[in-house]
Amino acid sequence: MHRDLRWDNVACCAREPRRWFLIDLECSAAADAEVPTGFQLTGWETGVTLVNGRYTRKSDIYQLGRLVEKACERLELSDAAKEFMSALLMRPTQQRSSAAQLLSDKWISCVGADCRAAGAQPGER
């Protein structure tokens with residue numbers, strides 16, 4: 001798990017600007033690993049991010065949601081985008097969706113005219 005999801009740790013591929021990846025892995029750890037007492041990264045929300053003292057896959061989804069929410073705060077989102085954001089921003093202890101399920105969301109996996117209107121290129125989702 002990356003555990004330090006913030007825009008400073010996200011990079012865009014110069015050759016393929018629609019591809020993004022995470023950098024700065026110094027705080028990464030195995031999924032569901034216990035977090036040492038007193039260890040808290042800047043972006044973590046006290047009392048919310050950790051689940052029983054552990055940074056879980058659901059913590060990662062929540063942190064990603066906070067990251068995307070900040071990037072989209074000035075955009076007018078469609079109903080499908082709002083539903084997707086609500087799923088991402090579900091507190092880790094209440095998170096019902098897995099990352100695989102979220103990647104299959106209708107807003108992410110759009111096809112046809114809806115995707116082209118949003119700027120997707122042929123062959124992209």
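Reading from the N terminus, the protein chain goes β-β-α-α-α-α, which makes two strands and four helices. Helices here are DSSP runs of H or I with at least four residues, strands are runs of E with at least two, and both are numbered from the N terminus. The model is a predicted one, so local features need pLDDT of at least 70 and side-chain atom pairs count only at pLDDT 80 or more, while totals for chains, interfaces and linings use all residues. Residues are numbered from 1 along each chain as its sequence is written, and side-chain values rest on heavy atoms, with hydrogens and water left out.

Of the 125 residues in the protein chain, 31% count as buried (under 20% relative accessible area, with exposed meaning over 50% and partly exposed in between; 1.4 Å probe, protein chains only). The chain's accessible surface comes to about 8600 Å², and carbon and sulfur atoms hold 51% of that (Shrake-Rupley method, 1.4 Å probe; for residues, only the protein chains shown count as cover). As for contacts (heavy atoms within 4.5 Å), 45% of those between residues at least 6 apart in sequence join residues at least 24 apart.

Now to the rings. The structure has three aromatic pairs, a pair being Phe, Tyr or Trp rings (for Trp, the six-membered one) with centres within 6.5 Å; planes under 30 degrees apart are called stacked, over 60 edge-to-face, and the rest tilted. Trp 7 is partly exposed at 39% relative accessibility, and Trp 20 is exposed at 55%.

Trp 44 and Tyr 55 are stacked, because their ring centres lie 5.3 Å apart and their planes are at 25 degrees. Both sit in the loop between strand 2 and helix 1 (57-72), eleven residues apart. Trp 44 is buried at 6% relative accessible area, and Tyr 55 is buried too, at 0%. Together with Phe 39, these two residues make up one aromatic cluster.

Trp 7 turns up again in the lining of the second largest pocket, alongside residues including Arg 6, Thr 42, Gly 43 and Arg 66. The volume of this pocket is about 220 Å³, and its lining splits into three nonpolar, three polar and four charged residues. A pocket is an open set of points on a 1 Å grid over the protein atoms alone, where a 1.4 Å probe fits, with protein on both sides within 12 Å along at least five of seven lines; lining residues have an atom within 4 Å of a point. Points are joined across faces, edges and corners, and the volume is the space filled by probe spheres set on them. Ala, Val, Leu, Ile, Met, Phe, Trp, Tyr, Cys and Pro count as nonpolar, Asp, Glu, Lys and Arg as charged, and the others, Gly among them, as polar.
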